[in-house]
Amino acid sequence: MKLTLISGSQRPDSHSQCVACYLQNLSQEQGFTDIQTFDLSNVELPLHDGYTTDISAESHPWQAIARHLRESEAFIFITPEWHGMATPALKNFLLHCSLSELGHKPALLVSVSSGINGVYPLCELRMTGFKNNHICFLPDHLIFRQGVGLISKELVCSDAAFEGRANYTLKLLKSYAKALNQVREDIGDESKNYQYGM
């Protein structure tokens, strides 16, 4: 089963990328066999500027990413909390996404906070992150509070209860991926007639 993790921090060697590596390891233990991580600090994706740039052109940098996303069956979106918001890089990434890449596929939302918060980026993404790409956010999410102390550089979690929750949530993601595969088969090309959310 193909899984794609998106680390939304724009900072190189970020703690969000550390969390992505940690979740990648747990995902392998849960049976995801084909896993790729996009670190948005290393992805040169131009700002989405509405419709003045044709992102469908084969030469556009988005197309290489889009091909991989179309093959993926599940996603994990990871964002640090910056001023109570998701990162501009992750929002820009989602603006590029369409029904053909993410439509009717499950995604786990994850936030990383240096303090005790971390919920605001998740609320922001739940409110606006799905409209025209039709991604299905899991009802559960993960918040890596006190992130630096929670996951070490060696990818060891200091909280056994949290790691149990993370494993459960990844198991849930895999189950949703299996179930939504049937939804995509049932809907087929008809969804292309309704590409934009109301």
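The side chains of R70 and E101 form a salt bridge, with 3.4 Å from N to O. R70 belongs to helix α2 and E101 to helix α4, so this pair ties together parts that are 31 residues apart in sequence. The structure is a predicted model. R70 is partly exposed, at a relative accessible area of 37%. E101, by contrast, counts as buried because its relative accessibility is 4%, and buried means under 20%.

A search of the whole structure finds 6 salt bridges. Three of them are listed here.

| Salt bridge | N to O distance |
|---|---|
| R70 and E101 | 3.4 Å |
| K2 and E71 | 3.6 Å |
| K91 and E124 | 3.4 Å |

In the K2 and E71 salt bridge, the side chains meet at 3.6 Å, N to O. K2 is in strand β1 and E71 is in helix α2, so the pair ties together parts that lie 69 residues apart in sequence. K2 is partly exposed, with a relative accessible area of 30%. E71 is also partly exposed, and its relative accessible area is 48%.

The K91 and E124 side chains meet at 3.4 Å, N to O. K91 is partly exposed, at a relative accessible area of 26%.

**Helix α2**

Helix α2 contains E71 and R70. Its buried residues are W62, Q63, I65, A66, H68 and L69. An α-helix has 3.6 residues a turn, so residues three or four places apart point the same way. The cover over the buried residues of α2 includes the strands β1 (2-7), β2 (34-39) and β3 (74-80), together with α3 and α4.

**Pockets**

Rolling a probe the size of a water molecule over the atoms shows where empty space is left. The largest pocket holds about 930 Å³ of space. Its lining consists of 36 residues, and C97, S98, L99, N132 and N133 lie nearest the centre. Two or more lining residues come from each of α2 (62-71), α3 (88-96), α4 (99-102) and α7 (160-187). Among the elements, α3 gives the most to this lining, with 4 residues. By type, the lining of the largest pocket divides into 10 nonpolar, 17 polar and 9 charged residues.

The second largest pocket has a volume of about 230 Å³. It is lined by 13 residues, and those nearest its centre are R11, H15, P80, W82 and V112. Helices α1 (15-29) and α6 (147-150) each supply at least two residues of this lining. The lining of the second largest pocket is made up of 4 nonpolar, 7 polar and 2 charged residues.

**The loop between β2 and α2**

S41 is located in the loop between β2 and α2. What does S41 contact, leaving aside its neighbours within four places in sequence? The contacts are S9, Q10, R11 and P12. S41 and Q10 are 31 residues apart in sequence, yet their C-alpha atoms are 4.2 Å apart in space. R11, one of these contacts of S41, is also among the residues nearest the centre of the second largest pocket. The side chain of S41 makes a polar contact with the side chain of D39 at 2.9 Å.

Key. Residues numbered from 1 in each chain as written. Predicted model: local features only at pLDDT ≥ 70, side-chain atom pairs only at ≥ 80, totals over all residues. Heavy atoms only, no water. 1 Å grid on protein atoms, 1.4 Å probe; cavity = no way out; pocket = protein on both sides within 12 Å on 5 of 7 lines; lining within 4 Å. Points joined across faces, edges and corners; volume = space filled by probe spheres on them. Nonpolar A, V, L, I, M, F, W, Y, C, P; charged D, E, K, R; others polar. Buried < 20%, exposed > 50% of the residue type's maximum accessible area, 1.4 Å probe, protein only. Contact = heavy atoms within 4.5 Å. Salt bridge = Lys/Arg side-chain N within 4 Å of Asp/Glu carboxyl O. Polar contact = N/O pair within 3.5 Å; in protein donor to acceptor, adjacent residues only side chain to side chain.
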